[in-house]
Amino acid sequence: MSQIPFPTVPKFSASQAARPMMARDADAMFWMSRYVERAEHVARLLLVNSNLLIDVGDLAPKLLQQQWQSVLTIMRTEPATTGEGPARDLGPRIAQYMTFDGDNANSLLTCLSRARENARGIRENISAEMWEAINTLYWSIRSDDAPARFEESPDDFYRQVMTGSMLFQGLTDHTLAHDQRWLFTQLAKYLERIDVTCRVIETKFSILQSAGGQMEAALRNIQWMAVLRSCCSIEAYRRHYLGEMDPLRVASFLILERSFPRSVRYAVDMAHEATAAIRNETGTLSIDPAERVLGRLNAQLEYAEPSEILKEGVPAYVQKIQSEIADAGLAVQKRYFLY
Amino acid sequence: MFDQYQVDGLFDEMFVAPGHPRPHYSAVASRLKVLGSSAFNKRVRMADVTFRNQGITFTVYNDKRGVEKIFPFDLMPRIIPANEWDLIERGLVQRITALNLFCQDIYRDQRILRENIVPPELIYGAKSFRREMFHVNVPKNIYIHICGTDLVRDKNGAYFVLEDNGRTPSGVSYVLENRAVMKRVFPTLFGAYRVRAIEDYPYNLLQCLKHLAPTKSDDPAIAVLTPGTYNSAYFEHSFLARQMGVELVEGRDLIVDNAFVYMRTTAGLRRVDVIYRRVDDDFLDPLCFRGDSALGVAGLMNAYRCGNVALVNAPGTGVADDKAIYPFVPDMIKFYLGQEAILPNVPTYICARESDRKYVLENLDKLVVKSTNESGGYGMLMGHQAAQKERDEFAELIREDPRNYIAQPVVELSQHPSFIDDRFEGRRIDLRPYILYGEKVIVMPGGLTRVALRKGSLVVNSSQGGGSKDTWVLEEEEPGEEKLPITSGQLPVADGSAKPIAAR
């Protein structure tokens, strides 16, 4: 074997300028990441809801309906489309509709198909590991044996989707250069997380507050725990407040906690950082509208007091955040993807 | 596993006679015997799962069962000994050289027409002849940078060229993925052989593209142009872009301004120097070719003619792989290179010629008829297997447009064992090696071995139910080769200066 000659004067610089990114690729990168995050939230909501109903046993039909209804409300899905049927199989019907229905824009199948379709269009931009993870995840719900596996254990099935999503996100962080491409995946992931978390808080608070004093304390605690579980936050919350279940604490933890990656405050911070870094990478001097919206929101949450949230009302407070996030998403599309 | 294996009077790649493998297959044969069919089956399933999870697929048109399909992979490798490969390699280098000289000539001086080697009416009647390319200065004077030439073997095992693919030959991604999957599921089988590596193909392709950059920059902007995710070969386009680390673009990502080509990025427009286009000539530039094409880039040909961008392969190379021009390739080799063709052609009847046409129409039941401008097994008649009605229809087509058809005697392709329903059966195969013409000509050692998985079928195209195999070209035997001992002598531990690995 001959030795490869080593050039004495390198012909390249270690700090080579970053390669620009195709606008269409950035678009696909963004939506790939966003749909993976969305799928994880849908899977978790369905899982938590199924388990909750096991925990609370024979609920009154009205409460049962309310619980499943809330999943549809959180995912902004029309309830009429789940079809007619007896009340007791309402859960399975909604679960089926939110999992396998290809006509449902927010079903797991749709989210994962769109995530994968976006990934397929930019395979040269993502790592082979990322592609294999997302493709395997897609086939886990798309393959012929998926309904049977779901029947056998919905729990395992949803866990597999959640783990698949986390694997994908981990691979994104550790197999992709942290350049523009990665920044778009981060921005998308955090925007989606803020959006879903806000909708969970909004919906659950509306339901639980309207139920008022009718609910027993034990049942109420289980319900608040379910809210935290839906946001993957139960353990962090327990450590923080030593297990004290209290609506205002739950709300301020999910909205304002600065160090917890599932909180709105943390995600806003990350999304803001990503927009600033993208501006830097693309060599733009002026602050774009998305960065402005997120920067303001970041400052607002940074200095917010729980009492302010209480004064405004939790649902109203998070609704405002949602509309700002929608503005930020549109601004990103307008600035970087429209070509 | 080979108990009921039949050779059927064909040329069998593996067996001289039932139970007697050729020398270069004996190691595989004995390993498979030990393995048994259930273990082999397990590996087949492993390979299928790998292909699915990695999304190694192609798209079939007009198939309702879902557009994305796995290219069936036949785990049994095809083995080519070094001496056979040497002949193939020399033959292919000679052929691509002659085909490039032919393109240069056709689009400039047309000596070969003036000296009546090739009839001018065949050139001017070819749909793939591009007047737009006349007297265009082509970068480095290379037209066909990438060629996939289909080889077959007849009843005696002799190699023939069946056709050249000098436009946008596809399939190379499957060659590379087949090898990768094979290594993953069957590592033990490689142990008995020294198989030549093919993994440097993307690197060689990139060098080939860099060679053409109009600027002298060290870091030219290179892009693969794809029609999009719905194209049957999209997987390959994306695969090659990824392997080379270049951009994958669609027509809508590019824009021509003042005869320069740019792509649209998040930071504005950026110049493109070299385009490996996987879009047909017809769709390349609506201002120059088909006006209704949305896949191409308006003004691209103008930028090309100005020398501001390189296109690979050059437009107009279809004139060299037109099936009615194919019979003249041996004459081209003689005319341009003064050599005899190393790899012979299959005898071909050109329907545009009156005497040939008469023979073809009288002997349709013995011939294979092909449309001169189709590929992928479309527009083809297997005369000996077809019904009388189909033959009559083709006779009518030939009479209507003779220029569009050629005919060849049926080549009884060689067969190779394929794993089918728990045992091995013989299936017909061909071989498509890939040749790169850059600073020098490089032939990838191996290529795509396609298998006609339907029993008795002679059509190997993936769109017609074909599969593929890993193709092993063996290294030359080197007698007395030394085994390398394992030592740690080169590690810098001797003087104690190396830091120990941290542990606790």
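Biologist: Which residues of strand 11 of chain B are on its covered face, and which are on its uncovered one?

Modeller: In a regular strand, side chains alternate between the two faces of the sheet. In this predicted model, strand 11 of chain B has B:Val261, B:Met263 and B:Thr265 on the covered face, while B:Phe260, B:Tyr262 and B:Arg264 are on the uncovered one. Strands here are DSSP runs of E with at least two residues, helices are runs of H or I with at least four, and both are numbered from the N terminus.

Biologist: Which strands are joined by bridges to strand 11 of chain B?

Modeller: Two strands pair if DSSP finds at least two bridges between them. Strand 10 (residues 254–257) of chain B is joined to strand 11 by four bridges, and the two run antiparallel. Strand 12 (residues 268–271) of chain B is also antiparallel to strand 11, again with four bridges. You can look for B:Ile255, whose bridge partner is B:Tyr262, and for B:Thr265, whose partner is B:Gly268.

Biologist: How many residues lie between the strands of each hairpin?

Modeller: Strands 10 and 11 of chain B have two residues between them, and B:Asn258 in that turn has a positive phi of about 50°. The hairpin of strands 11 and 12 of chain B has two residues between its strands.

Biologist: How many residues does each chain give to the contact between A and B?

Modeller: Two residues are in contact if their C-beta atoms, placed from the backbone, lie within 7 Å. Chain B gives 19 residues and chain A gives 21. Among the elements giving two or more residues on the chain B side are helix 2 (37–53) and strand 11 (260–265).

Biologist: Turning to chain A, what is its secondary structure, and how much is buried?

Modeller: Chain A has 15 helices and zero strands. A residue is buried if 20 or more other C-beta atoms lie within 10 Å of its own, exposed if 12 or fewer, and partly exposed in between. Of the 339 residues in chain A, 42% are buried.

Biologist: What are the domains of chain A, and how far apart are their centres?

Modeller: Domain bounds come from an automatic or database assignment. Here that gives domain 1 (22–79 + 86–176) and domain 2 (178–339), with C-alpha centres 20 Å apart. Each domain of chain A gives 25 residues to their contact. On the domain 1 side, helix 1 of chain A provides the largest share, 16 residues.

Biologist: How should I read the numbering and the confidence limits?

Modeller: Residues are numbered from 1 along each chain as its sequence is written, and chains are lettered from A and ligands numbered from 1 in the order in which they are written. Local features need pLDDT of at least 70 and side-chain atom pairs count only at pLDDT 80 or more, while totals for chains, interfaces and linings use all residues.
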